[in-house]
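Have the structure open while you read.

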Amino acid sequence: MVTSNPFSALFGRSPFEPLLAHIVKTSECAERLLPFFDATQASDWDAAATHREAITALEHEADTLKTELRLNLPNSMFLPVSRSDLLELISVQDKIANKARDITGIMLGRQMQVPEALAPAMRAYLETAIATVGQARKALEELQELLDSGFGRNVSDVMHNFIRDLHDLEHQADDQQVQIRRQLFQLEAELPPVDVMFLYKIIEWIGELSDRAERVGSRLQILTAR
Amino acid sequence: MVTSNPFSALFGRSPFEPLLAHIVKTSECAERLLPFFDATQASDWDAAATHREAITALEHEADTLKTELRLNLPNSMFLPVSRSDLLELISVQDKIANKARDITGIMLGRQMQVPEALAPAMRAYLETAIATVGQARKALEELQELLDSGFGRNVSDVMHNFIRDLHDLEHQADDQQVQIRRQLFQLEAELPPVDVMFLYKIIEWIGELSDRAERVGSRLQILTAR
Amino acid sequence: MVTSNPFSALFGRSPFEPLLAHIVKTSECAERLLPFFDATQASDWDAAATHREAITALEHEADTLKTELRLNLPNSMFLPVSRSDLLELISVQDKIANKARDITGIMLGRQMQVPEALAPAMRAYLETAIATVGQARKALEELQELLDSGFGRNVSDVMHNFIRDLHDLEHQADDQQVQIRRQLFQLEAELPPVDVMFLYKIIEWIGELSDRAERVGSRLQILTAR
C-alpha cells in the first residue's frame, strides 16, 4: 500500500488520525441537534426520537473510537507528543458527544418545548454552538492535511487562526446565552417552575458544547506548541 | 516477613495495593446508601443520621488513602505504569465516595423522602448503582490476586470480562434512570417544585455512582493494556 | 540583570512564578465578590455591574496567564516537576476565577438578592471562601519565597501548615453551607421556586471556591512531596 505520509511510514499511524475520526463523529452528533430541535418545536416526537437515536448511535461510535485510542496509545515508543496530553484531548472531545446525547435525552423525555418567544434566539444559539464544534473539527482536519501533504506551512500560524476563530465563536455563544437567560427571566412567572429549571439546564448545556469545542482548540495548541 | 508477591519482593508494594484499599472503602461507602435510603423512607431520621455519619467516616478514610497514595507515588523509580494514569484512577474512585456522602447530605438536610409511587423503582436503581461499584472493587481485587498468586491467566481476558460486566450494569442503571425520570415527570404537578428539582438531583447523582464505577473499569483497562 | 534565585540562574524561571502570578489574579478575583455582594444587597446595580466588570477582566488576565504557562511548559528539559502535575494545578486555580465570574454573572443577570434573614450568614460564608482562596495564594507566595531566599526551612513542614489551614477553612465553609441550606430550607415556601433553586446554586458555587482552593493545596503537596 502507498501512503503519502512519511510520518506513518516511519512511526505508524499519526496520533491525530484517531482523534480526527473521533471529532468527525462528535461533530456529526452536534449537527443532528438542529433537526432534533426543529422536530421538538413542531411537536413531531417521532422525528425527534429518530434524531435522538441517530445521536445516541454516533455518540456510541465516538465512545468506541475513544476506547480504541486509549488502549492503543501505550503500544508505541514513537509517540511524538505527550501521552497524557492526547488522553486529555480525546476526553474533552468525547464530552461534546455526551452532552449532545444528554440534551436530547432530557428534551425528549420531558417532551420539552422552548417557549415561542424564546425559540428563534435559542435556535441561533444552538447554531453557534454547532459551528464552534465544526470549527474544532476543521482544526483537526487541517492538522491532518499538514501531515499528509507536507506543504510546510507554519503549524503555529495555522493553529493560531483556528484558536482565534474558536474563541470568537465561543464568545458569540456566551453573548447569546446572556440574552436568552435575560429573556427567559422575563417569562419565568408564566411558566411551571420545574420546566423553567430544565430550560435553564438546556441553555447551560448548549453553552458547554461551544465551551468544550474551544477547549479542543486550546488542547491542540498545547500539543503543537514548540 | 514473608510475602508471596515477587513483584513487591523486587520493587516494593504493588501500586494496586493502595488502590484496592481505597476502592474497598469506597464500596463500603456505597453499600451504606441502601440502609440509609430505607431509614429515610421509614422517617427514622436518627438511623439515617447514623448511616450518614458512617458514610462520612468511610469517605474520610478513603480521602486519607488517596492523599497517602498521591504523596508516596513519586518515591519509586520502579513504578511499572504511568504515574498520571494512577492519579487519574484514584481520582475517579474518590469521586464515588464523595458522591455517596453528598447524596446523604442533601437527603438528610432536607429530610427528603421519595414519593411512595417512585420508591420501589428508586431502591432498585440504587441497588444497581451499588452493584456497579461492587463490580469495580471486584476487578481490582482480581488484579491483586493475579499479582499475588501468579496463576498466569491472561490479564487482558480477565479485565475484559469485568469491563463488559461494568458496562452492562451501567447500561441497566441508565435504563432505570430513564424510567424513574419518566415516572417523576408524571408526578411533578402534585409536588412542590423545589422538592422535585432535588429529587432529580438525587436521581442524577445515583447515576453518577455507576457511571464513575464504570470509569474505574476503563481506567484499569488502560493501565493493564499491552 | 541580577536575580537572587539560583534556580532560575541555572534552569530559567521557576515553574512556580507563573503559577504565583495566576493565583494572585485569582485571589483578587475572589476578593471582589464581597463588595459585589454588598452592592447587590443594597440594590446598587451600577456598582454591582462595575465589580462584575472588574472580576471579568481579572478572570481574563488569569486565563491569559494560564494559556502562556501551558504553551511555554514544553520548552524546557529542566522542568524539575511533573509537567502534568503543573498543568493540573494551573487548571484547578483557573476554575476558581471562572467560578467567581459565573457567580456574578448569574446574580447580576437575575438581579438576585439574598433574603434578609439569610444575608449575614451568607456574607460570612462568602468571607470564609475568599479567605480559603487567599490562603492558597499565601502557600504559593511562601514557596516562591523559599526559592528566592533559600533559608533552607523544610518545605514539607511549611507546606504541611498551609495544607492544615486550608483544610480547616474548607471545613468551616462546609459547616456554614450546611447552616445556610438549613435556613433557606425553612424559607423555601415563601419564595418563588426558581429563585430558590438559583439561591441554592449560588450557595453551591461559593462552596466550590473554597473546595478548589483546598485542592490547590493538595496539588502543591503532591508537587513538593519527596
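What follows covers symmetry, the chain contacts and some local backbone features.

First, some housekeeping. This is a predicted model, in which local features need pLDDT of at least 70 and side-chain atom pairs count only at pLDDT 80 or more, while totals for chains, interfaces and linings use all residues; side-chain values use heavy atoms, with hydrogens and water left out. Residues are numbered from 1 along each chain as its sequence is written, and chains are lettered from A, with ligands numbered from 1, in the order in which they are written.

**Symmetry**

Two copies of a chain are related by a rotation about an axis and a shift along it. What rotation puts chain C on chain A? It takes 120°, with 0.0 Å of shift along the axis, and the RMSD is 0.0 Å. That is the relation of a three-fold axis. In chain C, Pro193(C) has the C-alpha nearest the axis, at 3.5 Å. The copies use different surfaces here, with 19% of the contact residues of chain C recurring in chain A.

Chain A goes onto chain B in a like manner: a rotation of 120°, a shift of 0.0 Å along the axis and an RMSD of 0.0 Å. Copies are superposed by least squares on the C-alpha atoms of residues with pLDDT of at least 70 in both. In chain A, Pro193(A) comes closest to the rotation axis, its C-alpha lying at 3.6 Å. Only 19% of the interface residues of chain A are also interface residues in chain B, so these copies meet through different surfaces.

**The chain contacts**

Now for the two contacts, where contact means heavy atoms within 4.5 Å. Buried area is the accessible area (1.4 Å probe) that two parts lose on being put together, summed over both. A salt bridge is a side-chain nitrogen of Lys or Arg within 4 Å of a carboxyl oxygen of Asp or Glu.

| Pair | Residues in contact | Buried area | Salt bridges |
|---|---|---|---|
| Chain A and chain B | 16 residues from chain A, 17 residues from chain B | about 1400 Å² | two salt bridges |
| Chain C and chain A | 16 residues from chain C, 17 residues from chain A | about 1400 Å² | two salt bridges |

Between chain A and chain B, 61% of the buried area is on carbon and sulfur atoms. One of the two salt bridges there joins the side chains of Lys201(A) and Glu204(B), at 3.8 Å from N to O. Two residue pairs (both at pLDDT 80 or more) are also in polar contact between these chains. A polar contact is a pair of N or O atoms within 3.5 Å; within protein, one must be able to donate a hydrogen and the other to accept it, and residues adjacent in sequence count only if both atoms are side-chain atoms.

Which elements of chain A supply at least two residues each to the side that touches chain B? They are helix 4 (45–72), helix 5 (83–109) and helix 8 (193–224) of chain A. Helices (H or I, at least four residues) are DSSP runs, numbered from the N terminus. Helix 8 of chain A gives the largest share, six residues. By class, this side of chain A has seven nonpolar, four polar and five charged residues. Ala, Val, Leu, Ile, Met, Phe, Trp, Tyr, Cys and Pro count as nonpolar, Asp, Glu, Lys and Arg as charged, and the others, Gly among them, as polar.

Between chain C and chain A, Lys201(C) forms a salt bridge with Glu204(A), with 3.8 Å between the closest N and O atoms.

**Backbone details**

Most residues other than glycine have a negative phi, and most peptide bonds are trans. Ser43(B), though not a glycine, has a positive phi of about 55°. Ser43(B) lies in the loop between helix 3 (33–41) and helix 4 (45–72) of chain B, and its 40% relative accessibility makes it partly exposed (buried means under 20% relative accessible area, exposed over 50%, partly exposed in between, with a 1.4 Å probe and protein chains only).

Gln111(B) is not a glycine either, yet has a positive phi of about 45°. Gln111(B) sits in the loop between helix 5 (83–109) and helix 6 (119–149) of chain B.
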